[in-house]
Amino acid sequence: PICRYGNMAEVHLIGEIVGAEGFPSQNLFCKWGLSVGSAWEVLEGLQEGQTQVDHPQDGEFAKWSHPIDIHLACKGLQGWPKLHFQVWHEDYFGRHEPYGYGFTHVPTVPGIHQLRCCTWKPSGSFKDQFTSFFLGGNPELRNEKTIHTSGDRQRLRTEATGTVIINIGVLLRNFETYGVEVS
């Protein structure tokens, strides 16, 4: 792949979204995305995706085994990649409601890593909680960037939900050429 920045430092992410645990119900799926700064370019691979709905027969663990394969180039370290997640629940009638949001930074060290991304959901007002209890549904974020940027997220009232588990291999190339030591 040709990079618009020429011969630059590269990051290749290869792995999978293994699954999730600790959520209040089963029948979960995950929407995911990669967020990078303006100094980054995606050379190959998808920057977002969605898993299938897992209907486990037993246990609390939702298994997805969803592949991630993204090749990036950068002209600066600012805006290092972050993976962000939205875990959704599908009910008996096929309706979808958000169960958790979260993000994690991609490790800066090459190698294979298991990441555990803790998720949260907006708790909403008393009226929202009352409505959710009797009619179902959870408050949703208006802007998905709130998941991985700090501005508006600091003002939200939230509650912890479950954990998304990711296995990711990080390959770094040409960083030493630009004076960045990786080990």
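1. Gln78 touches Gly37, Ala39 and Trp40, where contact means heavy atoms within 4.5 Å and residues up to four places away in sequence are not counted. Gln78 and Ser38 are 40 residues apart in sequence, and their C-alpha atoms are 8.2 Å apart in space. Gln78 itself lies in the loop between β5 (62-74) and β6 (82-90), the strands being DSSP runs (E, at least two residues; helices are H or I, at least four) that are numbered from the N terminus. With a relative accessible area of 70%, Gln78 is exposed, on a scale where buried means under 20%, exposed over 50% and partly exposed in between, for a 1.4 Å probe and protein chains only.

2. A word on the basis of these values. This is a predicted model, in which local features need pLDDT of at least 70 and side-chain atom pairs count only at pLDDT 80 or more, whereas totals for chains, interfaces and linings use all residues. Residues are numbered from 1 along each chain as its sequence is written, and side-chain values use heavy atoms, with hydrogens and water left out.

3. Leaving aside residues up to four places away in sequence, Ile166 touches Glu16, Ile17, Val18, Phe85, Thr104, His113, Gln114, Leu115 and Cys117. The C-alpha atoms of Ile166 and Gly19 are separated by 7.3 Å, although the two residues are 147 residues apart along the chain.

4. On the cysteines, a disulfide is taken as a pair of cysteine sulfur atoms within 2.5 Å, and by this rule the count comes to zero disulfides. Cys30 is in no disulfide, the nearest cysteine sulfur being that of Cys117 at 8.6 Å, and Cys30 counts as buried at 0% relative accessibility. Cys117 is likewise in no disulfide, and for Cys117 the nearest cysteine sulfur is that of Cys118, 6.9 Å away. At 1% relative accessibility, Cys117 counts as buried, and Cys117 is also one of the residues that Ile166 touches.

5. How many salt bridges does the structure hold? There are three, a salt bridge being a side-chain nitrogen of Lys or Arg within 4 Å of a carboxyl oxygen of Asp or Glu. One of them joins the side chains of Glu10 and Arg173, at 3.4 Å from N to O. This pair links distant parts of the chain, with Glu10 in strand β1 (residues 9-21) and Arg173 in strand β9, 163 residues apart. Glu10 is buried, with a relative accessible area of 14%, while Arg173, with a relative accessible area of 49%, is partly exposed.

6. Arg116 forms a salt bridge with Glu21, and the closest N and O atoms of this pair are 2.3 Å apart. Here too distant parts of the chain are linked, since Arg116 is in strand β8 (residues 111-122) and Glu21 is in strand β1, 95 residues apart. Arg116 counts as partly exposed at 46% relative accessibility, and Glu21 counts as partly exposed at 28%.

7. Asp91 forms a salt bridge with Arg95, in which the closest N and O atoms are 2.6 Å apart. Asp91 counts as buried, its relative accessibility being 19%.
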